[in-house]
Amino acid sequence: MGDGLQIRVLGRVQVVWRGQSVPVKPSWSRLIACLASQTGRQVPTVEVIDALWPDVGESTGKNRIRVALHGIRKALSELEVQDPFVSVRGAYGLDSSLCSVDATQFEESVRYGRSLAATNPKTAAEHYQAALDLYPVDIEPYENVLELDFAVEENRRLRTVRASAVTEL
């Protein structure tokens, strides 16, 4: 996955910089997981709040987002990592030019393998294998945030994609 900033959700939610895990607090992991599950999309603030803290009001939720982002950004800036978090007009996301998400890479490899299966089975198999290397059988996606409904849904969805990839390989 390279030496750049990596967001890992296949297994425990982690932030990895240059091969080293960046210490993150549980509240940060939840926010990172929420945004990583929506890679390529700006997630409206109300959706983030509903996903992470469904029992709090909008004002409290916005404050929690700000506090978590401040902590994450501070931890990354101490490592001289460019901030991958985007906040635009009431929405948050990850800048995919500044970080990679392992689940996204997994799914892209599976999709590419599927697109080649009929015409180039050998290359397709290589892409399926690359996907399965990212997501070994013995890990649970979003493992440390499975108390959150969106994480349970993403876990199930990714497990289904993996099972299909194994069958198609």
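Trainee: Why is Glu58 called partly exposed?

Mentor: The relative accessibility of Glu58 is 42%. Buried means under 20% relative accessible area, exposed over 50%, and partly exposed in between (1.4 Å probe, protein chains only). The value of 42% falls in the middle class, so Glu58 counts as partly exposed. This is a predicted model, in which local features need pLDDT of at least 70 and side-chain atom pairs count only at pLDDT 80 or more, while totals for chains, interfaces and linings use all residues. Residues are numbered from 1 along each chain as its sequence is written, and side-chain values use heavy atoms, with hydrogens and water left out.

Trainee: What makes the pair of Lys62 and Glu58 a salt bridge?

Mentor: A salt bridge is a side-chain nitrogen of Lys or Arg within 4 Å of a carboxyl oxygen of Asp or Glu. The closest N and O atoms of Lys62 and Glu58 are 3.2 Å apart, so the pair meets the rule. Both residues lie in helix H3, 4 residues apart, about one turn of the helix. Lys62, at a relative accessible area of 31%, is partly exposed.

Trainee: Why is H3 called a helix, and how does its reach compare with the expected span?

Mentor: Helices are DSSP runs of H or I with at least four residues, strands are runs of E with at least two, and both are numbered from the N terminus. H3 covers residues 58–78, which is 21 residues, so it qualifies. The expected span is 1.5 Å times one less than the number of residues. For H3 that expectation is 30 Å, and the helix reaches 30 Å from its first C-alpha to its last. After H3 comes Glu80, with a positive phi near 60°.

Trainee: Which parts does the salt bridge between Glu147 and Arg30 tie together?

Mentor: The closest N and O atoms of Glu147 and Arg30 are 3.0 Å apart. Glu147 lies in the loop between helix H5 (121–134) and helix H6 (149–168), and Arg30 in helix H1, so the pair ties together parts that are 117 residues apart in sequence. Glu147, at 47% relative accessibility, counts as partly exposed, as does Arg30 at 26%. By the salt-bridge rule the count comes to 9.

Trainee: Is Glu154 buried or exposed?

Mentor: Glu154 has 14% relative accessibility and therefore counts as buried. Its salt-bridge partner Arg157, 2.8 Å away from N to O, is partly exposed at 33%. Salt bridges that share partners join Glu107, Glu154 and Arg157 into one network.

Trainee: What makes E4, E6 and E5 a sheet?

Mentor: Two strands pair if DSSP finds at least two bridges between them. E4 (residues 43–44) and E6 are joined by 2 bridges, and E5 (residues 85–88) and E6 by 4, so both pairs meet the rule. The 3 strands form an open sheet in the order E4-E6-E5, with antiparallel pairing. E4 and E5 are the edge strands, each pairing on one side only. Pro44 stands opposite Ala91 in E6, and Val43 opposite Tyr92. E5 and E6 form a hairpin with 2 residues between them, and Arg89 in the turn has a positive phi of about 40°.

Trainee: Which residues of E6 are buried on its two faces?

Mentor: In E6 (residues 91–94), Ala91 and Gly93 on one side and Tyr92 and Leu94 on the other are all buried.

Trainee: Which residues touch the most other members of the largest nonpolar core?

Mentor: A nonpolar core is a set of buried Ala, Val, Leu, Ile, Met, Phe, Trp, Tyr and Cys residues joined through side-chain atoms within 4.5 Å. Of its 50 residues, Ile7, Leu31 and Tyr142 touch the most other members. The largest share, 7 residues, comes from helix H1 (residues 26–36). Leaving aside neighbours within four places in sequence, Ile7 is in contact (heavy atoms within 4.5 Å) with residues including Ile32, Ala36, Leu94 and Val101.
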